[in-house]
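Me: I am new to this structure and would like to go through some of its residues with you. May I show it to you and ask a few questions?

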Amino acid sequence: MPSVIRHAAITLLILSGCAKAADPLPGMPPVLDKLDIYSADAAGALSPVVRKFPSLIYVPNSGSNSVDVIDPKTYRIIRHFRVGRQPQHVTPSYDLKTLWVLCDLGDSLTLINPATGKKGKTLKVKDPYNMYYTPDGRYAIVVAERIHQLDFREAHSMILVKSLPVPCRGVDHMDFSADGRYLIASCEFSAMVVKVDVEKLTVVGSLDLPGGGMPQDVKLSPDGAVFYVADMKANGVHLVDGEHMRILGFLATGKGAHGLYASRDSKVLYVSNREEGSISLIDFATRKIVHRWEIPHGTPDMGGVSADGKVLWLSGRYSREVYAIDTADGHLRARIRVGKGPHGLCVYPQPGRYSLGHTGVFR
């Protein structure tokens, strides 16, 4: 092959690879910074949609079928209301205008108006343990853990479009690739993660985790290169290459590693270690643990970071309390008594252009 033709062929291959890497899911808002998919989530960067919403902490109490609403300035409960059976998470809608209380055993979603913090209508939806949104905003993904499937529903009406069975037990958390074309979901009771093509709505891969673990929360690194998967049984976090579905490494964070949250400056990942009452901080740049904070007699679970980035809010799943943790040094600002079994706590509003669901995954 003549050198000119060979050079042209190599150039074409390179350009094709670049084009593929830069080919996002149709309809997804463009990535603002390819080195930081969370760049729109910086401290104080509230969307005009949520700017006038009151800053509140919404706590679903799985064991008492209720929601407590906390004022983060006074650390006091200002509202309490009943919802369906076993509320698991409070999830912001893709368009940021609505919060949903997910009651899996009650087979229902209860609306909260974030402009007032008050309870609204309730919809019948099968087994909503968790809920996410596709990055184009087309579908809400109801994670039906009990019946082993992902239900893709029209994002506003919640009308079922497609039920996708998954080849595992205990599907519960997920995150999306930087281009939005696939998601990685954890399967708590099958020690594996599965990969789903977001455009075709099909399962395209799976990966067994070493040691027969119990994977929980999933979070993509700011540069989009690796998925962090918390594992309660392995007591740490797996690093997963989602493109090739392979394990890149493991970080031993602490007993019962559970929830994962990025800091507002996209520099560290907060890991809640539920069974030992601690928070580990992973440096995204070095992929190393750099700090560890203790919560005496605590059971830190799910939550989120305040809009200004100064407070990490977490539910105390088996302690009937909520923790307000100072992100400057890890000291406890407050421990607030709430209902039984507080779980997927939502801090709202938070910065970001749109919500991918859970307790607040924004981009």
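Me: Is Cys103 buried or exposed?
Reply: In this predicted model, Cys103 counts as buried because its relative accessibility is 0%, below the 20% cut-off.

Me: What is the handedness of the link between Cys168 and Cys187?
Reply: The link is left-handed, with -45 degrees about the S-S bond.

Me: Are Cys168 and Cys187 buried or exposed?
Reply: Cys168 is buried, with a relative accessible area of 6%. Cys187 is buried too, and its value is 0%.

Me: Changing topic, how many residues are in the largest nonpolar core?
Reply: The largest nonpolar core has 37 residues, and Met131, Leu150 and Met174 have the most contacts inside it. Several strands each supply at least two residues of this core, including strand 5 (99-103), strand 10 (149-154) and strand 14 (192-197). Strand 9 gives the largest share, 5 residues. In soluble globular proteins, nonpolar side chains tend to be buried together.

Me: Which residues is Met174 in contact with, apart from its neighbours within four places in sequence?
Reply: Met174 is in contact with Tyr132, Ile141, Val143, Leu150, Leu183, Ile184, Ala185 and Val218. There is also a second, separate core of 26 residues, which includes Tyr38, Val229, Leu239 and Leu260.

Me: What about Gly236: where does it lie?
Reply: Gly236 lies in strand 18 (residues 236-241), and it counts as buried at 0% relative accessibility. Gly236 and Gly256 are 20 residues apart in sequence, with their C-alpha atoms 7.5 Å apart in space. Beyond its neighbours within four places in sequence, Gly236 has contacts that include Val229, Phe250 and Ala257.

Me: And where is Ser315?
Reply: Ser315 is part of strand 25 (residues 311-316). Ser315 counts as buried, its relative accessibility being 0%. A polar atom of the Ser315 side chain lies 2.6 Å from the backbone oxygen of His343. Leaving aside neighbours within four places in sequence, the residues in contact with Ser315 include Pro342, His343 and Leu345.

Me: One last topic, the backbone. What is the phi of Asp127?
Reply: Asp127 has a positive phi of about 50 degrees, although it is not a glycine. Most residues other than glycine have a negative phi, and most peptide bonds are trans. Asp127 sits in the loop between strand 7 (118-124) and strand 8. Leu201 also has a positive phi, near 55 degrees, and is found in the loop between strand 14 and strand 15 (202-208).

Me: Which kind of peptide bond joins Tyr348 to Pro349, cis or trans?
Reply: The bond from Tyr348 to Pro349 is cis, with omega near 0 degrees. Pro349 lies in the segment after strand 28 (346-348).

Key:
Residues are numbered from 1 along each chain as its sequence is written. This is a predicted model: local features need pLDDT of at least 70, side-chain atom pairs count only at pLDDT 80 or more; totals for chains, interfaces and linings use all residues. Side-chain values use heavy atoms; hydrogens and water are left out. Helices (H or I, at least four residues) and strands (E, at least two) are DSSP runs, numbered from the N terminus. Buried means under 20% relative accessible area, exposed over 50%, partly exposed in between (1.4 Å probe, protein chains only). A polar contact is a pair of N or O atoms within 3.5 Å; within protein, one must be able to donate a hydrogen and the other to accept it, and residues adjacent in sequence count only if both atoms are side-chain atoms. Contact means heavy atoms within 4.5 Å. A disulfide is a pair of cysteine sulfur atoms within 2.5 Å. A nonpolar core is a set of buried Ala, Val, Leu, Ile, Met, Phe, Trp, Tyr and Cys residues joined through side-chain atoms within 4.5 Å.
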